[in-house]
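Me: I've got this one open on my screen. Can you walk me through it?

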Amino acid sequence: MKLALLFLGMAVLYLFIGWLVSFPIKLRTYSLSSSKLSSSVRIAVVSDLHSTIYGQNQQRLLHKLRQSQCDLILMPGDIIDDIKPLKGAEQFLDQAPAIAPCYYCTGNHENIDTLISLEEVKKRVRQAGITVLDSKKETIKIRGTALTICGIDDPRQYAYVDRDRQEEIQLMKNLGDMKASSEYTILLAHRPERAEIYAQFGFDLIVSGHAHGGQVRIPGLINGLFAPRQGWFPKRAGGLYHEKNTELIVSRGLCQRWYLPRIYNPVEIPILEIHPLDK
């Protein structure tokens, strides 16, 4: 009996520590390379904020972004939540463009029309000075390096009825195939479980969120316990993955909910350092 109580106590302590270490915002750096770049580019990914507030006027979150010294901020969805008040999202959206140019695509919680409609979400994001990528693309230059940044809306409106995903494939066809692009191409798309579809279109990099890091991790053993639309032990919970000739970054996100604790799964801002590769 005493041994059982000891093991129970140790398990509770282990989980409690795992909960505590998941609170501080982590800058998680990934190093990538491409022969299409003539100079290095530093990109920050802010995903799945779900209107969570980090300090007064979002200063903790914004301070971390400034620390990153990023050239670009990419937002692959769910900055706004469908239930939580808009305040946290608006505070972030209104201040982020002062740090670096921002690009955004919608997530599934922004495509529900519970709190505000999808069009109102996009309008509010644009008002903050952020580029909304809904089957659109834009080419920019950073220190002489050209990047083409693309994005699609989250497919929530048909995700649960379009079993063969033809609607989403058509969205990608509307955006265009990138295999022949001489520029480094990035796709913002909320759902990592759809990466196999996206990779067919020849992007150099796909940036996603949605999985929330699988919510619960056991370092060195389980990378994620459960993720939406991936189920138990998700294949793409968070990190760097390879799909065909495309690299996929899945952010573990920034959402904090008291009723759904993160265990050994720190909220994070992925930092992508993309360097030139000698031809």
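This is a predicted model: local features need pLDDT of at least 70, side-chain atom pairs count only at pLDDT 80 or more; totals for chains, interfaces and linings use all residues.

**The sheet and beyond**

Reply: Six strands make an open sheet in the order E6-E7-E8-E9-E13-E12, with mixed pairing. Strands here are DSSP runs of E with at least two residues, helices are runs of H or I with at least four, and both are numbered from the N terminus. Two strands pair if DSSP finds at least two bridges between them.

Me: Which are the edge strands?

Reply: Strand E6 (136-142) and strand E12 (239-243), as each pairs on one side only. From one strand to the next, the twist averages 25 degrees. For angles, axes are lines fitted to C-alpha atoms (for helices over the stretch in contact), and the range is 0 to 180 degrees between N-to-C directions.

Me: In which sense do E8 and E9 pair?

Reply: Parallel: strand E8 (residues 184-188) and strand E9 (residues 205-208) pair over three bridges. Leu-187 has Ile-206 in E9 as its bridge partner.

Me: How many helices and strands does the protein chain have?

Reply: Seven helices and 14 strands. Of the 279 residues in the protein chain, 56% are buried (under 20% relative accessible area with a 1.4 Å probe, protein chains only; exposed is over 50%, partly exposed in between).

Me: New topic. How much space lies in the largest pocket?

Reply: About 280 Å³. A pocket is an open set of points on a 1 Å grid over the protein atoms alone, where a 1.4 Å probe fits, with protein on both sides within 12 Å along at least five of seven lines; lining residues have an atom within 4 Å of a point. Grid points are joined across faces, edges and corners, and the volume is the space filled by probe spheres set on the points.

Me: Where is Arg-143?

Reply: Arg-143 is in the loop between E6 and strand E7 (145-151). Its phi is near 50 degrees, a positive value in a residue other than glycine. Arg-143 is exposed, at 55% relative accessible area.

How values were computed. Residues are numbered from 1 along each chain as its sequence is written. Side-chain values use heavy atoms; hydrogens and water are left out.
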